[in-house]
Amino acid sequence: MTVESPTEKAIRPSVGLLGWYSVCASKLLKENELYHLSMFNEPLVIYRDKNNKPRCIKDFCPHRAASFRGGENINGEIICPYHGARYNTECDSNGSHKITCSHIVDSDYSNFAKHVHLRQYPCIEKGDYIYIYYTGHAKASPHDFDIKTPLEASFPETYGFQLGDSAFEEVFIDFKCDWSRIIENHLDILHIFWMHGNTLPGNDVNRKTIQSFNQTISKDHKHLRSVYNEKGNNKDEFISQIFMPPGRVIIFKGATDKARYVQVLDHIPLANNRARIIVRHYRKFITNQLLCKILLFKQRQQKVFYTIFSEDYLVLQTQTFNEQMGYMNQEQNKLLAEDKMIKLFWDWHQNALEKESPWDLHPTTAHTNTIHQDMLMVYPPANPKFAHDIQRTIHRKVAIRLFSIILIILAFIFAPDLFQQIHPSNASIPIIESQE
């Protein structure tokens with residue numbers, strides 16, 4: 001590895017483990033619904049208020065400490081399931097957007113209600129993502145926070161990838177393992193060839209083509225960046241990785257200014273040994289919606305995504321175990337030259353842990369009820385039943401799509417006149433869709 005001077009070693013991202021996180025996709029935050037998650041063991045709820053703006057609250061009713069699980073969101077008014085306490089977002093004379101109780105039990109408690117407020121975190125919707133500014137200390141108004149880091153610093157556009165002419169597919173992944181191990185996994189290029197070589201489409205990345213790379217590292221107070229170039233005469237940029245604390249990794253296939261494909265991975269530390277990943281793949285090819293439907297591109301991509309993360313899962317779980325048992329410290333990991341990005345990540349992570357101790361903000365013990373941790377594990381690979389249902393849905397859609405294409409071909413061959421009467425030349429061909 002390249003030897004760094006003491007000054008270079010001291011340079012690391014100033015953003016720690018607390019800050020802006022992408023925690024939900026816009027499409028999941030539907031009107032009149034509640035979206036539950038947690039951050040560093042703290043249960044949270046995200047919903048849309050009466051102005052359709054996303055709000056992130058602590059999942060805790062101040063009346064009797066009930067969760068909002070099983071509650072309602074009616075026209076932007078969130079309702080506790082225990083006593084029917086209703087909460088609305090109101091803007092007071094100071095411009096403070098507090099979420100205040102408007103009713104509980106009956107009118108006799110109106111004066112009591114107006115002094116009850118939910119605790120919340122700043123919440124912004126941008127680029128089909130829902131972001132929250134997480135500090136571990138929810139407050140009455142989002143204006144009560146001192147936001148130290150601009151959200152724009154984590155956008156792909158900031159690094160030269162324009163999303164306007166791109167399409168994307170996404171999946172949501174749940175793991176029962178340490179979330180930082182997942183980030184390490186996504187900063188590891190070499191394992192892709194070996195572990196996922198038989199799963200990835202094409203012939204460029206597999207066990208036969210595995211190789212070492214020339215690697216260039218850059219870092220500043222905002223991010224860590226690694227560029228991999230192929231060795232030999234062909235020194236084209238293979239992959240460029242950017243880690244933007246606290247939880248976003250962006251991977252460009254090829255040079256960032258020429259990339260036709262970029263992967264955005266958002267890592268959410270739900271709880272001890274619980275993590276969620278939002279995986280989004282942007283592309284500048286196969287963007288026609290009709291063609292994507294005919295090719296079942298979305299379903300095929302999702303199948304690849306879930307297979308890849310299932311292949312990673314056992315390794316991530318056992319790495320988590322080995323670290324928690326102290327084996328990694330005892331044995332001291334042996335790192336390759338291409339592991340320099342991983343070393344820099346762990347240097348940042350350890351420094352952030354020492355400064356902020358986010359896992360100490362809402363600590364759990366062996367006696368803590370695990371209701372929130374258990375109910376959050378809804379996506380594969382942590383939820384194998386859901387993974388099975390997804391595979392079954394994909395196979396059903398493939399069968400229905402093939403059947404519809406065969407019907408169209410037979411109509412062209414055996415009844416071209418009838419087909420023209422039903423589908424004039426200027427009409428689009430319908431595609432039979434199965435119900436989700």
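Trainee: Which residues touch the most other members of the largest nonpolar core?

Mentor: M39 and I46 do, out of 84 residues in that core. A nonpolar core here is a set of buried Ala, Val, Leu, Ile, Met, Phe, Trp, Tyr and Cys residues joined through side-chain atoms within 4.5 Å. Buried means under 20% relative accessible area, exposed over 50%, and partly exposed in between, with a 1.4 Å probe and protein chains only. Bear in mind that this is a predicted model: local features need pLDDT of at least 70, side-chain atom pairs count only at pLDDT 80 or more, and totals for chains, interfaces and linings use all residues. Residues are numbered from 1 along each chain as its sequence is written, and side-chain values use heavy atoms, with hydrogens and water left out.

Trainee: And which helix gives the most to this core?

Mentor: Helix α8, residues 340-356, with seven residues. Helices (H or I, at least four residues) and strands (E, at least two) are DSSP runs, numbered from the N terminus.

Trainee: Back to M39, what is it in contact with?

Mentor: Leaving aside neighbours within four places in sequence, M39 contacts Y21, V23, L44, I132, Y134, I268, P269 and L270. Contact means heavy atoms within 4.5 Å. There's also a second, separate core of 16 residues, with F68, C80, I99 and I104 among them.

Trainee: Switching to strands: what is the order in the open sheet of four?

Mentor: The order is β2-β3-β4-β10, with antiparallel pairing. Two strands pair if DSSP finds at least two bridges between them. The edges are β2 (35-39) and β10 (120-121), each pairing on one side only.

Trainee: How many bridges hold β3 and β4 in their pairing?

Mentor: Five, between residues 42-48 of β3 and residues 54-58 of β4. Y47 stands opposite R55 in β4.

Trainee: OK, aromatics. How many pairs are there in the whole structure?

Mentor: A search finds 24 aromatic pairs. Rings of Phe, Tyr and Trp (its six-membered ring) pair if their centres lie within 6.5 Å; planes under 30 degrees apart count as stacked, over 60 as edge-to-face and the rest as tilted.

Trainee: Why is the F321 and Y327 pair called edge-to-face?

Mentor: Because the ring planes of F321 and Y327 are at 75°, with the centres 6.3 Å apart.

Trainee: What is the relative accessible area of F321?

Mentor: It's 44%, so F321 is partly exposed. Y327 counts as partly exposed too, at 35%.
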